Amino acid sequence: WTYFNKLDAPWCVNGLAWNPAADNIICGGDKSGEGIMVWDVSSGTVVATIEEQNVFGLCWSPCGRRIAIECQNSVRVWEWSLGRGNIQVTQPMGMLELDQRVYGLDWSPNGNWIANGLDNALRLWAAP
């Protein structure tokens with residue numbers, strides 16, 4: 001293995017995920033406000049932040065245009081676009097309010113479903 005780079009975050013990193021369609025990595029932590037950072041890996045710069053707090057998990061959709069974020073008792077889906085210096089993270093497309101803490105989430109390979117884990121269950125949702 002060859003060490004490449006260190007990307008510093010201002011908080012404990014609770015989750016991270018590679019964008020399957022671009023050279024970006026997203027990480028989330030427990031800081032209030034800008035609790036999510038999207039990095040351009042090749043340049044080592046932060047290209048976007050998302051104002052969430054208490055982020056415990058996140059994942060990219062298979063197409064790389066949506067981000068599912070696990071925050072305390074909710075899952076939010078954000079739209080992402082990157083092109084020619086135009087970076088945009090829009091307001092959440094959808095949000096699930098749950099009655100207990102989410103312990104993991106992932107997109108289905110076809111992008112139609114989001115699965116999340118709870119204390120004693122796995123739930124499947126139609127993706128927004």
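Residues are numbered from 1 along each chain as its sequence is written, and side-chain values use heavy atoms, with hydrogens and water left out. Because the model is predicted, local features need pLDDT of at least 70 and side-chain atom pairs count only at pLDDT 80 or more, while totals for chains, interfaces and linings use all residues.

The overall layout is a friendly place to start. The protein has 11 strands and 0 helices, where both are DSSP runs numbered from the N terminus (helices are H or I with at least four residues, strands are E with at least two). Read along the sequence, the pattern is β-β-β-β-β-β-β-β-β-β-β. Of the 128 residues, 38% count as buried. Here buried means under 20% relative accessible area, exposed means over 50%, and partly exposed lies in between (1.4 Å probe, protein chains only).

Strand S9 (residues 104–107) runs antiparallel to S10 and is joined to it by 4 bridges; two strands pair if DSSP finds at least two bridges between them. Within this pairing, leucine 105 has asparagine 116 in S10 as its bridge partner. S9 and S10 form a hairpin with 5 residues between them, and glycine 111 in the turn has a positive phi of about 80°. Strand S11 (residues 122–126) also pairs with S10 in the antiparallel sense, over 5 bridges. There, glycine 117 has leucine 122 in S11 as its bridge partner, and the hairpin formed by S10 and S11 has 4 residues between the strands.

Side chains of opposite charge can pair when their charged atoms come close. A search of the whole structure finds 1 salt bridge, defined as a side-chain nitrogen of Lys or Arg within 4 Å of a carboxyl oxygen of Asp or Glu. The salt bridge is formed by arginine 66 and glutamate 79, whose closest N and O atoms are 3.4 Å apart. Arginine 66 lies in strand S6 (residues 66–71) and glutamate 79 in strand S7 (residues 74–83), so the pair ties together parts that are 13 residues apart in sequence. Arginine 66 is partly exposed, with a relative accessible area of 24%, and glutamate 79 also counts as partly exposed, at 24% relative accessibility.

Finally, leucine 122 in strand S11 counts as exposed, at 63% relative accessibility. The structure holds 0 disulfides, a disulfide being a pair of cysteine sulfur atoms within 2.5 Å. Cysteine 12 is partly exposed, with a relative accessible area of 49%, and cysteine 63 is partly exposed at 35% relative accessibility.
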